[in-house]
Structure formats: structure tokens, C-alpha cells
Amino acid sequence: MPELPEVEVVRRGLERWVAGRTIETVEVLHPRAVRRHPGGGADFAARLRGETVGVPRRRGKYLWLPLAGRDLSVLGHLGMSGQLLVQPQDAPDEKHLRIRVRFDDDAGTELRFVDQRTFGGLSLHENTTDGLPDVIAHIARDPLDPLFDEVSYHLALRARRTTVKRALLDQSLISGVGNIYADEALWRAKLHYERPTANLTRPRSTELLGHVRDVMNAALAVGGTSFDSLYVNVNGESGYFDRALDAYGREDEPCRRCGTPIRRRPWMNRSSYFCPRCQRPPRAAS
């Protein structure tokens with residue numbers, strides 16, 4: 001699943017190429033792409049016709065297009081393989097093109113939603129008073145948000161009594177962090193993924209947040225992490241932060257700090273990558 005850096009790369013591209021443009025037509029080519037829109041494809045297309053796209057916004061992994069002058073937004077669910085691409089109108093259709101949005105200007109480009117596995121989609125929602133689509137009002141602020149409250153986050157960690165990686169992936173506590181960047185931040189902080197949050201001191205949680213921010217900013221600088229052709233920006237270009245990963249995906253490769261082979265362990269239907277020497281497990285997890 002794309003995480004904060006990959007979604008932010010897409011958001012920035014949409015801000016450059018789509019913000020301020022007025023929608024002329026919407027073509028829904030697969031019903032699953034609008035299954036989260038209660039009115040279906042025809043209603044989705046009709047309600048967007050003539051609307052002007054505002055500045056795209058993001059919270060954590062969630063991306064939406066506000067409609068200018070309206071309390072409505074188009075929420076984009078990228079899922080496992082969804083892509084929002086800005087393409088020339090005369091470019092050949094992608095094999096898995098699901099939605100096409102054309103604009104009433106002479107820029108010569110259109111917005112396409114392409115989704116190989118059809119787990120993602122677009123849907124129209126009313127906004128909360130904070131400008132979020134109502135269906136994601138429960139999502140916490142992300143660590144790159146200037147209004148992220150570190151004190152409240154630390155208190156929530158201590159009260160939740162869970163393990164540190166579970167807490168990093170809990171989108172109601174902190175949004176935008178997924179499996180890749182959790183493993184990377186934990187490696188940088190020298191914390192095992194099963195470390196209990198109940199005994200995580202304020203300095204350690206502050207240090208961990210700093211590493212989360214650092215790894216995300218580093219990924220943003222190179223366009224995010226792309227292990228295949230699925231995670232791309234609006235121009236179809238892949239990021240290359242995977243070349244700089246220190247833990248994730250590096251099973252049996254030497255730790256860049258101590259040389260010990262990186263290990264992989266099954267974890268919540270995923271995998272956790274860690275250095276057994278730098279990130280010693282707590283006794284209960286040994």
C-alpha cells in the first residue's frame with residue numbers, strides 16, 4: 001500500500017496540473033472504481049460536471065480534491081495499485097483505465113484513474129468543518145503536519161498499552177505510516193517492533209517521531225518508494241527511495257550499522273525487518 005511520501009508526491013503533481021481546472025466530463029469505465037460513491041457511476045459523473053477543482057489536500061495516506069466554492073470533495077482511494085495520472089488527451093488508454101476526467105480548457109491533458117487490481121476508487125463526499133471528507137474525519141494528523149501534537153501522541157502511546165509498531169500503524173493515533181516506513185524508523189531508532197509502548201519514555205517517543213519524519217522527508221526528496229511500476233507520480237514516474245532502505249526488504253543483507261544480517265519475521269499478515277543486534281527484542285518477544 002502507498003504510504004505518506006508516495007501519496008504526497010501524487011498530491012503535489014495534482015496541485016501543479018489539475019488545481020483550478022473546471023471539469024467538462026467524467027467517464028466511468030468500471031463500476032468498482034466508484035463503488036464507494038452511493039449514487040453510482042452516472043451520479044458521480046453528473047455531479048462533477050462543471051465543478052472546479054481546488055488545491056488537492058492530503059492527510060496521512062488519504063488524498064482528496066476539494067471542489068472550489070463547495071463543501072464537497074472527491075476522495076481518492078489508491079488501494080494496492082491505484083494511480084492518478086495526468087495524460088495527454090490523445091495518449092493511448094491504459095489497459096486498466098477506470099475513470100477519465102476531461103476539463104473545459106485547452107491544456108490538452110486529462111486526469112485518469114488507473115487501477116489494475118480494482119481495490120481503489122474515487123468517491124464524492126461532504127466535508128467536515130475542517131475541510132476533510134466526512135468518511136476520514138477519524139484519521140489522525142500525520143507527523144509532517146505542523147499541527148501534529150507530540151504531547152498528546154506520547155500520552156496516547158502510554159495509555160494504549162500496545163507495541164510500538166502497532167502504534168505507528170494505528171491511523172487513529174498517527175496517520176501516514178505504513179509497514180515500510182515503520183520498519184525504517186524503528187531501525188533508525190534502534191527499537192524492536194514488539195517493544196511495549198507502556199514503557200516508552202517521552203525522550204524515546206520524541207526520538208522515534210524524529211526518525212519517522214526524517215525517513216519520510218528523505219523518501220519525498222526522491223519521489224517515494226517504488227518496488228514495481230504500481231506506485232508512480234502523475235507523470236507515471238517511479239520513485240527510487242527503495243535503493244536507500246536500511247531495513248525493509250533487506251533480509252540476510254548486512255546491517256549498515258553493525259554488519260549483522262537483517263532478519264525478517266511474519267507480523268500481522270505482513271513482514272517485519274530488523275537487525276537482531278541493534279534492535280534487541282524485549283524479553284516477552286524473545
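**Notes on the predicted model**

1. Let's start with Ser-272, which counts as buried because its relative accessibility is 0% (buried means under 20% relative accessible area, exposed over 50%, and partly exposed in between, with a 1.4 Å probe and protein chains only). Ser-272 belongs to strand β10.

2. Residues are numbered from 1 along each chain as its sequence is written, and side-chain values use heavy atoms, with hydrogens and water left out.

3. Three aromatic pairs turn up in a search of the whole structure (ring centres of Phe, Tyr and Trp, the last by its six-membered ring, lie within 6.5 Å; planes under 30 degrees apart are stacked, over 60 edge-to-face, the rest tilted). Tyr-193 with Phe-274 is an edge-to-face pair, at 5.5 Å centre to centre and 65° between the planes. Tyr-193 and Phe-274 are both buried.

4. Helices and strands here are DSSP runs, numbered from the N terminus (helices are H or I with at least four residues, strands E with at least two). The helices α5 and α6 pack at about 125°, their axes 8 Å apart (axes are lines fitted to C-alpha atoms, for helices over the stretch in contact, and angles run from 0 to 180 degrees between N-to-C directions). That angle makes α5 oblique to α6 (under 35 degrees is roughly parallel, over 145 roughly antiparallel, 65 to 115 roughly perpendicular, and the rest oblique).

5. Two charge-over-ring contacts are worth a look on screen. Arg-257 lies over the face of Trp-187, 3.8 Å from the ring centre, and the charged end of Lys-165 sits over the ring of Trp-267 at 4.5 Å from its centre (NZ of Lys or CZ of Arg must be within 6 Å of the ring centre and within 35 degrees of the ring normal).

6. Now for the sheet. Four strands make an open sheet in the order β1-β6-β7-β5, with antiparallel pairing (two strands pair if DSSP finds at least two bridges between them). β1 (23-28) and β5 (82-88) are at the edges with a single partner strand each, so one side of each has no neighbour in the sheet. On average, neighbouring strands are turned by 20° against each other, direction ignored.

7. Strand β7 (residues 109-115) pairs with β5 over seven bridges, in the antiparallel sense. Pro-88 is opposite Thr-109, and Gln-83 is opposite Val-114. With β6 (residues 97-103), β7 has four antiparallel bridges, and Val-101 has Leu-111 as its bridge partner. β6 and β7 form a hairpin with five residues between them, where Gly-108 in the turn has a positive phi of about 80°.

8. How many residues of β7 are buried? Seven of its seven are. Thr-109, Leu-111, Phe-113 and Asp-115 are buried on one side, as are Glu-110, Arg-112 and Val-114 on the other.

Terms used
This is a predicted model: local features need pLDDT of at least 70, side-chain atom pairs count only at pLDDT 80 or more; totals for chains, interfaces and linings use all residues.
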